[in-house]
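Trainee: I am new to this structure. Can we go through its salt bridges together?

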Amino acid sequence: MTFWGDSGGYGQDMPVSQLTITAATYQDESDALADYEAAKELYAEWNIAESYDAAVITKDEDGRVRIVRRHEQPVVHAGGAGLLIGLAVGAVVALFPAVTLGGGLLAGAVGGALIGAVTGHVVAGMSRTDLKDLGETLDENTSGLVIVASEDVSFRLDGSLSHCARQVVRHLNHDGDRLKKDIRRAMSAAV
């Protein structure tokens with residue numbers, strides 16, 4: 001991950017290998033969206049709006065999970081440049097493999113390969129226990145918010161997600177160069 005802005009002592013193009021995933025759970029989608037907007041404002045205020053990924057998810061009455069809003073920085077996280085898939089979507093897919101984006105499944109040859117590479121990176125960068133904790137937290141209610149950010153910045157979010165019923169933060173080991181290679185390999189195999 002690379003920060004393109006400079007705020008709070010973070011140098012331009014400073015490589016970051018330790019990320020966190022914050023998962024917050026909500027009784028109502030509007031509360032999840034409110035905290036999503038609060039986080040977005042904070043990152044903009046800190047002048048590092050390009051340094052995090054976020055996704056709001058909601059479970060339908062039949063239990064299906066869909067992404068209703070997202071802020072993806074694929075170039076920053078070495079995700080699917082130009083395809084708007086980053087680590088927040090990868091984390092959501094790792095936890096809910098049949099997730100939909102808007103009205104459709106995240107699939108297709110190129111999309112499926114890209115999602116597979118990003119999701120595999122998330123799974124490889126976390127312990128099974130941490131993945132389980134994130135999934136169980138998001139399963140507690142009907143909506144959730146997932147934020148992927150640098151460990152040194154994510155602690156600043158503490159307390160700003162004021163509408164959530166519960167939140168957990170877990171570490172994600174990140175290797176941007178490895179992710180780029182995995183994405184290139186997956187994309188060339190899908191074509």
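What follows is a short exchange on salt bridges in this predicted model.

Trainee: How many salt bridges does the structure hold?

Mentor: The count covers side-chain pairs, with a nitrogen of Lys or Arg within 4 Å of a carboxyl oxygen of Asp or Glu. By that rule, the number of salt bridges is 10.

Trainee: Asp139 meets which residue in a salt bridge, and how many residues apart in sequence are the parts tied together?

Mentor: The partner is Lys59, at 3.4 Å from N to O. Asp139 lies in helix H4, residues 128-139, and Lys59 lies in strand E2, residues 52-59. So the pair ties together parts whose separation in sequence is 80 residues.

Trainee: Is Arg64 buried or exposed?

Mentor: Arg64 forms a salt bridge with Asp62, at 3.5 Å from N to O. Asp62 has a relative accessible area of 56% and is exposed. The cut-off for exposed is over 50%. Arg64 has 59% relative accessibility, so Arg64 counts as exposed.

Trainee: Which residue forms a salt bridge with Arg170?

Mentor: Arg170 is in strand E7, residues 166-173, and its partner sits in helix H4, 37 residues apart. The closest N and O atoms are 3.0 Å apart, and the partner is Asp133.

Trainee: Which residues do salt bridges with shared partners join into one network?

Mentor: Start with the pair Arg170 and Asp133. Arg170 is partly exposed at 22%, and Asp133 is partly exposed at 21%. Through shared partners, the network joins Arg170, Asp133 and Asp130.

Terms used
Residues numbered from 1 in each chain as written. Predicted model: local features only at pLDDT ≥ 70, side-chain atom pairs only at ≥ 80, totals over all residues. Heavy atoms only, no water. Helix = DSSP H or I, 4+ residues; strand = E, 2+ residues; numbered from the N terminus. Buried < 20%, exposed > 50% of the residue type's maximum accessible area, 1.4 Å probe, protein only.
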